[in-house]
Amino acid sequence: MEKYNFRLIEKKWQRRWEETDAFRATEDAAGQKYYCLVMFPYPSGNLHMGHVRNYAIGDVIARFYRMNGYNVLHPMGWDAFGLPAENAAIKNRIPPAKWTWGNIENMRRQLRSLGLSYDWSREVTTCHPEYYRWTQWLFLQLYHRGLAYRKKQAVNWCPSCATVLANEQVVGGRCERCDTEVTTRDLEQWFFRITDYADRLLDDLKKLPGWPEKVKLMQENWIGKSHGAELEFLAENGSRITVFTTRPDTVFGVTYLVLAPEHPLVEELIRGKAEARQVMEFVEKVRKQSEIERASAEGEKEGVFTGAYAVNPISGEKVPIWVANYVLLEYGTGAVMGVPAHDQRDLEFARKYNLPVRVVIQPLGKNLDAATLEQAYDGPGVMVNSGRFDGLDSEVGRLKITEFAEEKGCGREKVNYRLRDWLISRQRYWGAPIPIIYCDRCGIVPVPEEDLPVLLPEDVAFEPTGESPLLKAEDFLNTTCPRCGASARRETDTMDTFVCSSWYFLRYCSPQDREQAFDSSKVRYWMPVDQYIGGVEHAILHLMYSRFITKVLYDQGLVPCDEPFTNLLTQGMVLKDGAKMSKSKGNVVSPEEIIENYGADTARLFILFAAPPERDLDWSDQGVDGAYRFINRVWRLVQSLAPVIRDTGNTPDAGALGSQERELRRAIHRTIQRVTEDIKTRFNFNTAVSAIMELVNALYHYTEGTAEQEWHRDVLKEGISVLITLLAPFTPHLAEELWEAIGGKGSVHEQKWPEADPEALKQEEINIAVQVNGRVRDHLDVPVGLSNRELEELVLAQPRINQLLQGKNLVKVVCVPGKLVNLVVK
Ligand code: ANZ
Ligand code: ZN
C-alpha cells in the first residue's frame, strides 16, 4: 500500500483546484446564495495560528454549504494600510509599499498551502489605488451627506520628534521612539458623524439574533445610551454651566460642581482669582494623563478649587466650582454636579478634599448617615432633604425635577450617548489620502469624483522623526483648486484603516469594477453576508463601523440591507500552555512548520477537533500527532478497500442485508445525521469530527469481524463514500485523493452532501418473551443490541409488567439477549 504522502497530495490538489478554478463564484439567480466571509488579515509578514483557525473554520462552512447546493461566495483579501509598514520603513529603510506587497506575496502562498477554498479572482487589497480610490469615493459620499466634518481635537504630540503619535506609540506617557514626555496638541481633524446613527445602531442589534449575545452587549455598552437631564447652574460671573446627570432626583444633594480641566469656561471662571495659577498647573498635568486612566473607576481622583461659585437652579444653594481629572470633556457636557452621597466617584473626591456629603435619597427601611457613609448609595428610594420634593419616590422625583427645571427654563430632559463621532484623520503616510483640497479663496473643496484616486506618492523619504512624508512631498502637496483653478494645498492626513475595512465586503461582490465602488446589482445578489467569522477583538470598532457605513449606503439606496452581517461567529484564541501565543512570550508555533511536518489537513483537523470554535484552544503537540494518526488510519482503511469497492454500486438494496450490514448502515447514516446537525446548527466541528472517528471505527470493526468473501461491497462502498464526503470540508486534500482512489466521479467538493436515510436509521427491533418465575407472561418488541442492563431497565419500565409484579418481591432478573427476560420473584 502506498504511504500517505501529504506533500505530494496537497500540492497536487491545490494545483488542480487552481487550474480548474474550482471555487470561482458567479451570480446565479437560480441558486441560493451563501456569502461566507472571514476577516481579512493585516499583511504583517506571516500567518499565525489565529489566522489558521479563523480560516479553517470559514473554509469548513464554505465547503459545507457548497456541497449542500448553495452558491457560495468565499473571498479573501488584505487590510493593507497601517502603521507597521511605516515603522518597518523607518527601521529597515524599505518603502512601505514594497514591504506590504512582499508580505502579501508570502502570506498568500501560506494561505494557498492551507487548501482554503477561496475565489482568488476576487482578491482585494486596500492599499491598491483601484481599491482606495473607492475608499476616497466613500469619504466623498459621507462628505456630501454632511456626515464628514472637520473639528479641532487634541492629538498626542512628541515635542522632540515633532510628530503626532498614535495611542499605541505612547508608552507610559512617553514617546515610544525617544522616551520624551508626550504632550497634546490641538489639530483640525476629520470626523464621521456616526453619532447620527447611534439610535439605529443600538435598536438594530435586535435584528441580529445570529450574533453572540456578548458582542451585542459590548456594542450596546459602547453606544452607551443614557436617559437623564441637563441642568444649568449660574456662575457668579454670569456664565451658565450646563451639567448632564442621569439622576436629577439627587439635585438637592449637590455640594459642588466639577468641570473637566479642558472645559472652555475654566479660563473665564479663574480670571483674576488667587487660585488661577494653581488651576492652570493642574490643567497642564491632567492633559498628560490618558483618557483611560482618567475614566477608570480605580484611578486616583484629583482636582483643584477654582475660587468660583455657582447657584443650584433647583435648590438655590451656592456651591463651589472645582476642576477634576475624573470629569471628561467629551462626555455629556464636560461638567458634572457632585453628589457625593449617591455617586461613588463623587464620594471619593469629596472625602479627599473635605467637601460636604448630604444624603437625599433614603433606601426603603434604611437610614443612611452622611457622616459615616463609605459606599455611595446609587439605588432608588425616598427623597429627603429635598425641600418640597421630600417624600417622593426617586423615580417619580426625577421626572418632577426635570419638569420643574423645564418650567423654570433652567433644564431639560436629555438622552446622552457614550458613542463619539469617528475620528478618521491620521497624521500618517501609509493610508488612503483624504480627498480634500484647501483653497485660499474657496476654502474646503472636495476632490471631484472623476479626479480620484488621489494617489499616494511612493517615492518619498522617511525621516527618523516619524513625521508623515506627505508634509514634504511638494508634488503631492501643491495642486490647483478644482473650483477656481488657483493654486491650492492638499489635505495631508490619511484615513483610519478602519475606513478601508468598513466596506471591503461590498467590494468583493464586484472586485474588478473600474467604474464604481461596487455593482449594486451584484451587491443585491450577495449581500448581506450570511456568515461572518473573526476574532472577538473586532467586536466593537470594526463591526460598528461596518454597520454604520452599510446604513449610510442603505440610506443612499446603494445597498439592499441596513445590516451587513446576518450571522457572526467569534472564534476563541489559540493558546500554548494556557497563554496566548505571542512573540514576546516565545511560545509561537508557526503554521508553516506544522504544514511542512504534518501537512495542511492535519493542521486543519487538529484545530477543528481540539475545541468548539468559540472557545479558546490549547495547542498541543500530542493533539497534532493524534490528528495525523487518525488521518493515516483513514488512509489505510480506504486504500485497502479501494480495490474491493472501486467498481461496485453505491446504494445497497436494504431488503437483502444481514444484521451486521444493517448495523453498519445504521452507523453510517447516524454519522451523516450527527455531522450535518453539528455543522449546521451549532458549528460544533469537534463533535462532528468525533462522529466521523466513530464511523471509521465501525468500518474497521465490520471488515475485521467479517471474512473478506462475505463483505457486502455495496454497503462498504456506501460507508467509505460517506466517510470521504463528510471529511471533505475538514481535510479537503485527503478527501480528494481518496475519492479518486475509490473511483469517485469528479471532484469530491462537487459531490452532494449525503443525506441520512430514515429507513437505515430505524433501530431494528426483536420480539422477546417476558417470564415470571419461568412462565411466559408477556411479549415485548425491543431494539436489538441492547445491553443486559438496558434490557432490564426497559422491561421494568413497562406498566404491564409492573402490574404483574404487584405485591411481589423482585429478587433477580435473568436476561437472555435477543430471546427473553425472566423475572424471579418471591
Ligand atoms: C449626578 C449624579 C448623581 C450622577 C448620582 C450619577 C449618580 P452614564 O450613566 O454613564 O451616562 N457624568 C456626566 N458627565 C460626565 C463626564 N463628562 N465625566 C465624568 N462623569 C460624568 O453616567 C452619567 C453620570 O456620570 C452623570 O450623572 C454624572 O454623574 C456623570 F447619584 O450626575 B451623575
Ligand atoms: Zn478655489
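Author: Phe730 is buried, at 0% relative accessibility (buried means under 20% relative accessible area, with a 1.4 Å probe and protein chains only). Phe685 is buried too, at 1% relative accessibility. Phe685 and Phe730 form an aromatic pair. Rings of Phe, Tyr and Trp (its six-membered ring) pair if their centres lie within 6.5 Å. This pair is edge-to-face (planes over 60 degrees apart): 6.2 Å centre to centre, 75° between the planes. It links distant parts of the chain, 45 residues apart. Phe685 sits in helix α22 (residues 685–705), while Phe730 is in the loop between α23 (713–727) and α24 (732–741). Helices (H or I, at least four residues) and strands (E, at least two) are DSSP runs, numbered from the N terminus.

The model is predicted: local features need pLDDT of at least 70, side-chain atom pairs count only at pLDDT 80 or more, and totals for chains, interfaces and linings use all residues. Residues are numbered from 1 along each chain as its sequence is written, chains are lettered from A and ligands numbered from 1 in the order in which they are written, and side-chain values use heavy atoms, with hydrogens and water left out.

The whole structure holds 48 aromatic pairs. One of them joins Tyr149 and Phe191. This pair is stacked (planes under 30 degrees apart): 5.5 Å centre to centre, 15° between the planes. Tyr149 belongs to strand β5 (residues 148–158) and Phe191 to strand β9 (residues 183–192), 42 residues apart. Tyr149 is buried at 15% relative accessible area. Phe191 is buried at 3%.

Aromatic residues also group together. One cluster is formed by Phe139, Tyr143, Trp190, Phe192, Tyr197, Trp422, Phe498, Tyr545 and Phe548.

Charges sit over some rings (NZ of Lys or CZ of Arg within 6 Å of the ring centre and within 35 degrees of the ring normal). Arg16 lies over the face of Trp13, 4.8 Å from the ring centre. Lys318 lies over the face of Tyr309, at 5.0 Å.

An N or O atom in the Tyr331 side chain is 2.3 Å from an oxygen atom of ligand 1. For Thr245, a polar side-chain atom lies 2.8 Å from a ligand 1 oxygen. For Arg345, the distance is 3.3 Å.

Definitions and conventions: A polar contact is a pair of N or O atoms within 3.5 Å; within protein, one must be able to donate a hydrogen and the other to accept it, and residues adjacent in sequence count only if both atoms are side-chain atoms. Buried means under 20% relative accessible area, exposed over 50%, partly exposed in between (1.4 Å probe, protein chains only).
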